[in-house]
Amino acid sequence: MSGGRLRDQVVRFPKSLEGRFRSRLHDERIAAWLGIALGVSFSTAFITGLISHFMQHPPDWLHWPSRPINFYRVTQGLHVIGGLATIPLLLAKLWTVYPKLFQWPPFRSLAHAVERGLVFVLVGGSLFQLVTGLLNISYWYAFPFFFTVAHYWTAYLVFGALIIHIANEWAKARHTVMRKPNDDLDRRSFLLSVFAASGTVALFTVGEAFSPLGRLALLAPRRPGVGPQRLPVNRTALAAGVTVSARDPRWRLSVTGRVQRELSLSLAELRAMPQHTVRLPITCVEGWSVSGTWTGVRLSDVLARAGASAEARIRVVSLQGGGAYRTSEVDTAHWRDPDTLLALSLNGEPLALDHGFPCRLIAPNRPGVLQTKWITSLVAE
């Protein structure tokens with residue numbers, strides 16, 4: 001973009017506001033660098049968010065593999081931890097450019113009005129995503145709508161507005177970044193402080209997904225090693241309403257549906273089957289993940305005993321009476337994986353009630369909300 005066009009776009013304010021935006025930090029160069037960082041951050045969040053959504057709600061044609069084991073752990077950790085680290089960047093960007101909100105006249109043409117409208121969508125949607133995302137990982141649902149649905153559809157609005165904004169501002173931002181720097185100490189210090197704040201947020205959160213840094217996870221809602229059997233718990237047996245039914249000595253696991261023979265197995269019968277031990281993580285949609293040592297019966301062994309089709313999809317049903325994740329589906333690639341277990345113990349101890357006693361699902365590369373606890377039946381479909 002030529003220097004002439006840049007001069008034509010000098011922001012003007014109503015006379016009543018002139019002189020109120022004198023800080024040298026309301027600067028195009030700072031705004032450009034922050035914009036680049038936000039572009040990378042929001043793009044990463046959008047991609048990893050789609051991965052999370054489609055792993056939880058896959059269409060019929062989409063079959064996620066069971067390997068690599070830690071794929072969901074990495075992408076969801078990147079989504080949440082990166083989202084938290086974006087907050088200082090967005091606040092700094094808004095502070096840098098907010099004088100433009102008062103430019104006068106509000107718009108110069110129909111095209112300019114549309115452009116400003118898209119900026120409004122971008123700013124409002126970005127704040128909505130980060131604020132509701134922060135409330136979600138804090139388990140504070142102070143809003144009347146279902147978080148995942150609103151978060152998913154708003155992501156498309158934000159990313160679409162971001163793409164248009166980048167296309168509109170790219171030449172200007174490139175010219176600003178590539179020109180010879182004339183930054184003074186204040187501008188450099190401001191940018192370094194913002195990026196340091198973003199990095200600090202990431203440092204004190206990443207331990208929720210990267211256990212060696214667990215002691216630094218001061219900003220994380222769940223910390224490795226804290227919880228029954230040294231694993232965190234989101235939904236307790238009390239919250240699920242299964243404290244009585246899960247302890248019932250008459251509990252049995254039923255296997256029904258498209259099978260050659262239906263089964264009804266007691267806990268003792270499951271323990272009498274060949275036991276296998278695997279090291280797998282529980283990975284929550286809120287970003288935390290912790291590995292545990294699980295022992296139990298291979299799901300494929302139980303289904304083979306029932307004579308289930310090798311192409312069947314398995315619906316896993318919990319004892320809990322309701323909720324969006326009372327049931328989950330296990331695709332062929334997952335139930336045939338030798339590491340997919342009906343877990344009966346964790347970290348060398350009988351499964352705790354809050355971790356799904358008497359029986360729970362644990363499988364590689366699977367969101368934690370789909371690792372169904374307190375299983376009562378398997379249905380081959």
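The model is predicted, so local features need pLDDT of at least 70 and side-chain atom pairs count only at pLDDT 80 or more, while totals for chains, interfaces and linings use all residues. Residues are numbered from 1 along each chain as its sequence is written, and side-chain values use heavy atoms, with hydrogens and water left out.

I start with the inside. A nonpolar core here is a set of buried Ala, Val, Leu, Ile, Met, Phe, Trp, Tyr and Cys residues joined through side-chain atoms within 4.5 Å. Buried means under 20% relative accessible area, exposed means over 50%, and partly exposed is in between, with a 1.4 Å probe and protein chains only. The largest nonpolar core has 27 residues, and Leu 270, Val 302, Ile 314 and Leu 378 touch the most other members. At least two residues each come from β1 (252-257), β2 (263-266), α8 (267-272), α9 (299-306), β5 (314-318), β7 (341-346) and β10 (375-380). Helices (H or I, at least four residues) and strands (E, at least two) are DSSP runs, numbered from the N terminus. The helix that gives the most to this core is α9, with 4 residues. There is also a second, separate core of 19 residues, which includes Val 278, Leu 280, Trp 294 and Leu 341.

Now α9 itself. Its buried residues are Leu 299, Ser 300, Val 302, Leu 303 and Ala 306. Seen down the helix axis, they fall within an arc of 160 degrees, so they line one face of α9. That arc is taken over the directions from the helix axis to the C-beta atoms. Leaving out residues up to four places away in sequence, Val 302 touches Val 255, Leu 263, Leu 265, Leu 270, Met 273, Val 297, Leu 342 and Leu 378; contact means heavy atoms within 4.5 Å. Just after α9, Gly 307 takes a positive phi of about 75 degrees.

Next, charges. A salt bridge is a side-chain nitrogen of Lys or Arg within 4 Å of a carboxyl oxygen of Asp or Glu, and by this rule the count is 9.

Asp 27 and Arg 187 meet in one of them, at 3.3 Å from N to O. Asp 27 sits in the loop between α1 (3-8) and α2 (28-56) and Arg 187 in helix α6 (residues 185-203), so the pair ties together parts 160 residues apart in sequence. Asp 27 counts as buried at 14% relative accessibility, and Arg 187 counts as buried at 15%.

Asp 337 pairs with Arg 67, with the closest N and O atoms 2.8 Å apart. Asp 337 is in the loop between α10 (332-335) and β7, and Arg 67 is in the loop between α2 and α3 (71-97), so this pair ties together parts 270 residues apart in sequence. Asp 337 is buried at 6%, whereas Arg 67 is partly exposed at 37%.

A further salt bridge joins Asp 331 to Arg 313, at 3.9 Å between the closest N and O atoms. Both Asp 331 and Arg 313 are buried. Through shared partners, salt bridges join Arg 67, Asp 337 and Asp 339 into one network.

Last, the surface. Phe 146, Val 149, Trp 153 and Tyr 156 form a nonpolar patch with about 440 Å² of accessible area together. Patches are made of residues with over 30% relative accessible area and no salt bridge, with like charges joined within 9 Å and nonpolar side chains (Val, Leu, Ile, Met, Phe, Trp, Tyr) within 5 Å. Areas come from the Shrake-Rupley method with a 1.4 Å probe, and for residues only the protein chains shown count as cover. Phe 146 is in the loop between α4 (110-137) and α5 (147-178), and is exposed at 52%.
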